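Please keep the sequence and the model in view while reading.

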Amino acid sequence: MKRTNYAGLIDEKYLGQTVVLQGWVQKRRDLGALIFVDLRDREGLVQLTFSEAINADALTVADQIRTEFVIEATGVVVARDENAINAQMRSGKIEVQVQQVEILSTAKTTPFYIEDDINVSDELRLKYRYLDLRRPEMQRNLRIRSKVTAATHEFLDANGFIDIETPYLAKSTPEGARDYLVPSRVNPGSFYALPQSPQLFKQLLMGAGFDRYYQVARAFRDEDLRGDRQPEFTQLDLETSFMSQSEIIALVNEWVAAIMKKTVDFDLNIAEIPTLDWAESMARFGTDKPDMRFGMELIDLSSLLAQSEFGVFSKAIANGGQVKAIVVPGAAEHYSRKDIDKMAQYIERFGAKGLAWLKITADGITGPIAKFLTAESDALLAATEAKEGDLVLFAADKPAVVAATLDALRRMTAKAQGLIDESKWQFAWIVNWPLFEYQPDEDRWISAHHPFTMPNEEDLPLMDTTEGAHQAHAQSYDLVLNGYELGSGSIRIHRMDIQQKMLAALGFTPEAAEEAFGFLLEGMTYGFPPMGGIALGLDRLAMLLAGVDNIREVIAFPKNSKGSEPMTDAPLPVAKAQLDELGLVAPIYAETSTPNMAEE
C-alpha cells in the first residue's frame, strides 16, 4: 500500500485518520496483551500500539517483531493518554492503533545500538556504515549536507551561473599534492589522473565564454589524512569573468548567507564579516585561518625583551627571530607544572624547543623564568595586560615556529578554559597573500595557492626576475569560519606572458611548462578574459554546520585514517588478468577480480 507519510511526521493533524506507515523497528515493549512498537524512519519515531481489542491478527504478528525489522503498518491515529505524552517527539501526543501489519524484512542483532551517542569505535561504525547511517544524528548530518548543495544550486542558478561538469579522467599536472593515477587500457603505459580540482578546466571555460560557471565537484588528492581531510572530497566550485576581487567576495558573502539561512536558519550579517591582510592575521593569531570567536591574540615582545637576561629570549631575537606571548585568562591555578610540561612536549611538533611561562599571582610574577625578567616585569605586565590569575605562555624562535606554536597553544588553552562561544559563527576573509612560499624541507619555492594566481597589480614589475617574483603578493582571498579554511580563491592569470613568468619563478623551464600546461598556454593566445573564482569545501562546511569535529561524520561512505574503507575493504589487490590487460605488473594480486557492476 502507499505510505501516507513518514512515521516521524505523523502528529495531531492525522487524528482519526487511517494511515499506512513503513520503517524500521526501533524498540518493542511486550506487556502481554498489549505490545508497543516504536517505528523509525528518516523523520523520527511514532508509537504503534497492538492489542487484541484492536486486531488479534496484528497482535500475533507483533509478537514476532524484533528490533530493526522492516515493517508496514496500517492503523488509526488516536490521542495518547495525558500521562503518556512525550513532549520530546513530534508524534509524542498521538499513537497509531494498528489494524494490519506485515513484516517486510527481518534483521539479526546489530553490532551496536541504532541510536545517538553510541560508545563504539570509529572502525566498527565504518565497517557497518549502512547501520551507522540509520542513526538519527547521521541522518541529520547528511541532510544538512544536502541542504548546503540545494542552497548552492538555488542561489547560483538565480545569479546567472551555469552548472557544468568537468572531467574526472584528466592529464596529470604538477599542482601540489600527489595525484591518484588511472592506467589506460587502450593507451598502454599511459595514465589519467583524477583531478585535484577543476582549476584548469574552469579557466578554459572562462576562455570559452561561460562567464559564470559552477559545479559541485569531486576532487582527489593522495595525501596524509586528518580530521578535516579525505582522499576524495567535494568542492562547491565557481568561476567568473570580468569581476574584481571585491565583487567576488561580495557575491560569496551573499551565497554563504543563503546557505546559512537554509541549513541552520541563521541570518548572517555579511556587513560584519571582517577582512584581514594575511600578514595581519599571522601577526595577531599566528595562522592564516584564525578562530576569531575569542581573544588571546599574540603579543610581540621582541623589542621589550631584546636585552633580556633570559638568554633564550635575547638570543632568539639577535638571530633574527622574535619573542611573542599569549595570555590565558584565569588559567594560573588550572595548569600545574606537569600540565605545562605536557604542553611543551606537544609543541615540539611545531619546531619549538621549549615552553617559557609565567603566572600572575597576588605576589606578582612567578615561574621558572621570573628571576630573569625583574627589570622588565612592569613593562611586561603593561604590554600583555595580564592580570592576577592569568597564565602567560611565551614562544621564542623563528617567526614561523613562533606563529605555529602560539596558534596551537591559543586554540588548545581556549578550548580547555571554555573561552570559545560554540554558538557563534565567525567568518573572516584573509587577503593579500604571498604569491610564493619557501619549503625548507624541499629547498624550493612553491605557489602559496596555485600556479595560476594573479599577482597584485603593483607587484607585476617584480615578476621580471625570479627573486623579485618570490617577494610578490597575490590577488587571493580565503574565507575562514571558526578557525577552519572554508574556501580558497583568487583572481587568475589570464595573460600568457605573466603565466610564463609565474611558471619560471616556480622553476619550470619553457619546455617543462609547455609539456605540463601547454594546452592552457595555447588557449591564452586566443584571448582569455580577466577571471577569478573560489572553491568552498562542502565536507568542511557541512561538518561545521552539523557541529561535529570530523568530516567523516558528514560523508556517507568515508575512508578511515589509513585511507581504507572498512566496509568494502578497499583498496584491494586485483586479478592478474586485469593487470596484464593494463600492461601492469604487481608482485601481489588477487585470484579473482571483483565483478564490474556497471557492466552487469
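In which loop does D81 lie? This is a predicted model, and in it D81 is placed in the loop between β4 (70–79) and β5 (94–105). D81 counts as exposed because its relative accessibility is 56%, and the cut-off for that class is over 50%. From D81 to E95 there are 14 residues in sequence, and their C-alpha atoms are 9.6 Å apart in space.

The setting of these residues may now be described. The protein contains 17 helices and 22 strands, and its C-alpha trace spans about 90 × 75 × 55 Å along the principal axes. Of its 600 residues, 47% count as buried. Among contacts with a separation of 6 or more, 67% are between residues 24 or more positions apart. The protein exposes about 29800 Å², and carbon and sulfur atoms supply 50% of that area. Its charged side chains comprise 60 positive and 88 negative ones, and the centres of the two sets lie 4 Å apart.

The unreviewed UniProt entry lists several positions under "binding site", including R221, D222, E223, G537 and R540. R221 is found in the loop between β9 (212–220) and β10 (232–241). With a relative accessible area of 26%, R221 is partly exposed, because this value falls between the 20% limit for buried and the 50% limit for exposed residues. Beyond its neighbours within four places in sequence, R221 is in contact with residues that include A177, R178, Y180, Q196 and S197, as well as P231, F233 and Q235. The R221 side chain also comes to 3.3 Å from the backbone oxygen of Q196. G537 touches T234 and L486 when residues up to four places away in sequence are not counted.

One of the contacts of R221 is S197, which is found in the loop between β8 (191–193) and α5 (199–207). S197 has a relative accessibility of 17% and therefore counts as buried, the limit being under 20%. A polar atom of the S197 side chain lies 3.2 Å from the backbone nitrogen of Q199.

Two further loop residues remain. R293 is found in the loop between α7 (278–285) and β12 (299–300), and it counts as buried because its relative accessibility is 13%. R293 and K424 are 131 residues apart in sequence, yet 6.9 Å separates their C-alpha atoms in space.

H470, finally, is found in the loop between α13 (466–469) and β20 (476–481). Its relative accessibility of 12% is the reason why H470 counts as buried. The side chain of H470 reaches the backbone oxygen of A505 at 2.9 Å. A505 is also one of the residues in contact with H470 once neighbours within four places in sequence are left aside, and F436 and W445 are among them too.

Note on methods:
Residues are numbered from 1 along each chain as its sequence is written. This is a predicted model: local features need pLDDT of at least 70, side-chain atom pairs count only at pLDDT 80 or more; totals for chains, interfaces and linings use all residues. Side-chain values use heavy atoms; hydrogens and water are left out. UniProt positions are given in the numbering used here, feature names are shortened, and annotations may be inferred rather than shown by experiment. Helices (H or I, at least four residues) and strands (E, at least two) are DSSP runs, numbered from the N terminus. Buried means under 20% relative accessible area, exposed over 50%, partly exposed in between (1.4 Å probe, protein chains only). Contact means heavy atoms within 4.5 Å. A polar contact is a pair of N or O atoms within 3.5 Å; within protein, one must be able to donate a hydrogen and the other to accept it, and residues adjacent in sequence count only if both atoms are side-chain atoms. Accessible areas come from the Shrake-Rupley method with a 1.4 Å probe; for residues, only the protein chains shown count as cover. Lys and Arg count as positive and Asp and Glu as negative; His and the chain ends are not counted. The place of a charge is taken as NZ of Lys, CZ of Arg, CG of Asp or CD of Glu.
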